[in-house]
Amino acid sequence: MKVLVVEDEHRIAQAIKEGLTDEGYAVDVAYDGDEGYASAKAEDYDAILMDVMMPGMSGIEVTKKLRSEGNHTPILLLTAKSLSRDVVSGLDAGADDYLPKPFSFDV
């Protein structure tokens, strides 16, 4: 299974990559929304884990753009924004799920 992690905090991105790699996933990492969007367009992924607040396009913008172009890859938004309206905004953008940070890797 091939996963794209889009996260501007390098330490967090590497921790997620290591955890997923340890579980047997192939993982690519992008460090801002523009790079994440370009990666999602260039490769076929089984899942995308994406931060919401990033330089360039936000995770919400990337999600909306991918969905409007017919990309149905499952997207899990990861963010420190955990208010109900933030969750609804992410899901309305087309994300499949929304996980507030910090989170347990087991989750």
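In this report, a residue is called buried when its relative accessible area is under 20%, exposed when over 50%, and partly exposed in between (1.4 Å probe, protein chains only). The structure is a predicted model, in which local features need pLDDT of at least 70 and side-chain atom pairs count only at pLDDT 80 or more, while totals for chains, interfaces and linings use all residues. Residues are numbered from 1 along each chain as its sequence is written, and side-chain values use heavy atoms, with hydrogens and water left out.

**Helix α2**

Helices (H or I, at least four residues) and strands (E, at least two) are DSSP runs, numbered from the N terminus. Helix α2 spans residues 33-42, and its buried residues are G33, G36, Y37, S39 and A40. Viewed down the axis of α2, these buried residues fall within an arc of 165°, so they line one face of the helix; the arc is that of the directions from the helix axis to the C-beta atoms. An α-helix has 3.6 residues a turn, so residues three or four places apart point the same way. The exposed residues K41 and A42 are carried on the face of α2 turned away from its buried side.

The buried residues of α2 pack against β1 (2-6), β2 (26-30), β3 (47-51) and α3 (59-68), where contact means heavy atoms within 4.5 Å.

**Salt bridges**

A salt bridge is a side-chain nitrogen of Lys or Arg within 4 Å of a carboxyl oxygen of Asp or Glu. The structure holds 4 of them, including those tabulated here.

| Pair | Closest N and O atoms |
|---|---|
| K2 and D28 | 3.9 Å |
| K2 and E43 | 2.8 Å |
| R67 and D96 | 2.8 Å |

K2 lies in strand β1 and D28 in strand β2, so their pair ties together parts that are 26 residues apart in sequence. E43 belongs to the loop between α2 and β3, 41 residues from K2. K2, D28 and E43 are linked in a network of salt bridges. K2 is partly exposed, at 25% relative accessible area, as are D28 at 28% and E43 at 37%.

R67 in helix α3 and D96 in the loop between α4 (84-92) and β5 (97-100) are 29 residues apart. R67 counts as buried at 18% relative accessibility, whereas D96 is partly exposed at 49%.
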